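Here are a few notes to read alongside the model. Keep the structure open and look up each place as you go.

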Amino acid sequence: MVRHFTAARLVVASHNGGKVREIADLLAPFAIDIVSAAQLDLPEPEETGDTFTANAVLKAAAATQASGLPALADDSGLAVVALNGAPGIYSARWAGPGRDFQMAMALVQEKLGENADRRAYFVSALALAWPDGHVEHFEGQVHGKLIWPPRGEDGFGYDPMFIPDGYGQTFGEMPYDEKQRMSHRAVAFQKLIDGCFSGS
Ligand code: IMP
C-alpha cells in the first residue's frame, strides 16, 4: 500500500530554484507548506546511485534525515537506446561544468554516428521520504526519437534533439504547456499525486 502524505510541511530536496517552483506549483492544490533544501541550507549529497530512482531516493533520504521533515526529490535524464541507455544518470554531466548542452547534444550525435536506431526516452524518477525511513518512489518516461541537427529554442537540456512519438515537433519547438502536459516529469508527478496526495 502506498503511504498517503498527511504532513503540513514538505522539503523539496533541490537547490534548483526553477525546479522547486515547478514542484510547488504542482502541489499547490494540496495546501502544503513547501520549503527548499537551499532555504534550510541542507548539504547536497553526492549522486552515487546507478539508477535514476536510486539517486532520487538518496537525495530525498538525505534531506529528510537532515531536516526531520518529509522530503521529495527528483532525478531525470535522457536514455538513448543504441547507447545502452547513455547518457542516462550522467545527462547533466555530459554538458560539462559550463552546462553546455549544445556540446552534450553533439556528443550524443557523435556517439550515434550512422546508427539508424534513433530511439531515446526521457526518464523522471521521484522519491518521497519520511523521517521514519519510509520511502515511496515513482517513475515517468516519454519515448521518442533523436534528430540532427537540433531544432527549437524552447525547453532546456536535450529538448531540441528529441521528438516524442506521435508528434512532429521537438521538445525545443513545442509550446511549454504542451511539453508540461506530456513530459516524463508530468507522468511521474501524476503517479505521485495519485498515490500520495489525492483522495483521503
Ligand atoms: P537533474 O535531474 O537535475 O539531475 O538533471 C538531469 C539532466 O537531464 C538535465 O540537466 C538535462 O540535461 C536532462 N533532462 C532532464 N529532463 C529533461 C527535459 O525535460 N528536457 C531536456 N533535458 C532534460
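1. Let's begin with a word we need: a residue is called exposed when its relative accessible area is over 50%, and buried when that value is under 20%. Please keep in mind that this is a predicted model. Now try the word out on Asn 84: its relative accessibility is 77%, so Asn 84 counts as exposed. You will find Asn 84 in the loop between β3 and α3. Its phi is near 55 degrees, a positive value in a residue other than glycine.

2. Is Asp 41 buried or exposed? With 66% relative accessibility, Asp 41 counts as exposed. As background, most residues other than glycine have a negative phi, and most peptide bonds are trans.

3. One joins Ala 86 and Pro 87, with omega at about -5 degrees; Pro 87 belongs to the loop between β3 and α3. Another joins Trp 148 and Pro 149, where omega is about 0 degrees, and Pro 149 is in the loop between β5 and β6.

4. Next, follow the sheet. Its 6 strands are arranged in the order β2-β1-β3-β4-β5-β6, making an open sheet with mixed pairing. At the edges are β2 (33-36) and β6 (162-164), each of which pairs on one side only. On average, neighbouring strands are turned by 35 degrees against each other, ignoring direction.

5. Zoom in on β3 (residues 71-80) and β4 (residues 119-129): they run antiparallel and are joined by 10 bridges. For example, Asp 74 has Leu 126 in β4 as its bridge partner. Helix α2 (residues 52-67) packs on the sheet, where it touches β1 (9-12), β3, β4 and β5 (135-146). The direction of α2 makes about 160 degrees with that of β3.

6. Finally, the ligand. Which of the 16 residues around the ligand come nearest? They are Lys 19, Phe 101, Asp 159, Lys 179 and Arg 185. In the side chain of Asp 159, an N or O atom is 2.6 Å from a nitrogen atom of the ligand. Tyr 158 has a backbone N or O atom 3.3 Å from a ligand nitrogen, while a polar side-chain atom of Ser 76 lies 2.8 Å from a ligand oxygen. On its own the ligand has 480 Å² of accessible area, and the protein covers 91% of that.

Terms used
Residues are numbered from 1 along each chain as its sequence is written. This is a predicted model: local features need pLDDT of at least 70, side-chain atom pairs count only at pLDDT 80 or more; totals for chains, interfaces and linings use all residues. Side-chain values use heavy atoms; hydrogens and water are left out. Two strands pair if DSSP finds at least two bridges between them. Helices (H or I, at least four residues) and strands (E, at least two) are DSSP runs, numbered from the N terminus. Axes are lines fitted to C-alpha atoms, for helices over the stretch in contact, and angles run from 0 to 180 degrees between N-to-C directions. Contact means heavy atoms within 4.5 Å. A residue is near a molecule or strand if one of its heavy atoms lies within 4 Å of it. A polar contact is a pair of N or O atoms within 3.5 Å; within protein, one must be able to donate a hydrogen and the other to accept it, and residues adjacent in sequence count only if both atoms are side-chain atoms. Accessible areas come from the Shrake-Rupley method with a 1.4 Å probe; for residues, only the protein chains shown count as cover. Buried means under 20% relative accessible area, exposed over 50%, partly exposed in between (1.4 Å probe, protein chains only).
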